[in-house]
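Subject: Structure handover

Hello,

Please find the structure below. My notes on it follow.

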Amino acid sequence: MTIQWFPGHMAKARREVSEKIKYVDIVFELIDARLPLSSRNPMMDQIVQQKPRLILLNKGDLADKEQNQKWQHYFQEKGYHTLIINAQQNKGVNKIVPEAKKALKEKIERERSKGLKPRAIRAMCIGIPNVGKSTLMNRLVGKKIAQTGNKPGVTKGQQWLRSGTELELLDTPGILWPKFEDQEIGKKLALTGAIKDQLLHLDDLAIYGLSFFSRFYPERLVERYHLNEEETFLPPAELLMLISQKRGYRDDYDRASEMIIQEIRSSKLGPYTLDRWEELGAIDDES
């Protein structure tokens, strides 16, 4: 399964972001807590340059809590200010402005020493599709201004939004990168819904998801699909066929695959983290 998706509006958005980065004080980099590395655009450093950055691990409730803490520590060790949030449920969002002030402490003190009046922090919110940017923007602004949708590619323009007196936000569309050098990353993004399903082979994606859960959370498969422990060790394709039979889909593996993918995405199998801390050496794109 080869996955590529880089619509024209993403290329345009990338150019616009590069042009407008000079107008902001800080970048809010929103990533999926289930994919702390795979949901980071490798072009981000080139786009953001030397701007201060606050990394927001969104959808923290959907991810493995133990893995959350380890990944937060990882980014902090890299020198980034980092928060675990849940924009959908408004958890941790109130910590963003105080944390942004910490990241900009030297700049704020420098302006104060020059006698300049305090002004609102200007921030740009960046992230891949379906990572929750619009939901976060609406939370910060306090009303539904940014368009949201549970599918990638909803936000296509850029707009400035006001958040009280302390923050001005520049919304941006989700930007993927032109080519996934590692197809494993493409599969992870696809499984969490960052890529349109119409571009995918759902049976391959379901098999990938079952393989992951068999390896790291086999007890979830036992509970959800009424399997015995030995059945979780079946080859993933056979496991897909077995679950299809148990759910009454018979040989309709397309429907069974879609069901499994949706249940993974909606946390019916519980919280999970696809980028595993214990495999950091194999997936760390910054080492």
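How much space lies in the second largest pocket? The answer is about 300 Å³. Please keep in mind that this is a predicted model.

The pocket

A probe the size of a water molecule, rolled over the atoms, shows where empty space is left. In the second largest pocket, 15 residues form the lining. Those that lie nearest the centre are Ile 108, Glu 111, Pro 118, Arg 119 and Ile 121. Helix α5, residues 105-113, gives the largest share of this lining, with 4 residues. By type, the lining has 8 charged residues, 6 nonpolar ones and 1 polar one.

Strand β1

On one side of β1 are Ile 26, Phe 28, Leu 30 and Asp 32.

Which strands does β1 pair with? One of them is β4, residues 121-126, which pairs with β1 in the parallel sense over 4 bridges. In this pairing, Ile 26 stands opposite Ala 123 of β4. Another is β2, residues 53-58, which runs parallel to β1 and is joined to β1 by 6 bridges. Here Phe 28 stands opposite Leu 54 of β2.

Regards

Terms used: Residues numbered from 1 in each chain as written. Predicted model: local features only at pLDDT ≥ 70, side-chain atom pairs only at ≥ 80, totals over all residues. Heavy atoms only, no water. 1 Å grid on protein atoms, 1.4 Å probe; cavity = no way out; pocket = protein on both sides within 12 Å on 5 of 7 lines; lining within 4 Å. Points joined across faces, edges and corners; volume = space filled by probe spheres on them. Helix = DSSP H or I, 4+ residues; strand = E, 2+ residues; numbered from the N terminus. Nonpolar A, V, L, I, M, F, W, Y, C, P; charged D, E, K, R; others polar. Buried < 20%, exposed > 50% of the residue type's maximum accessible area, 1.4 Å probe, protein only. Pairing = 2+ DSSP bridges.
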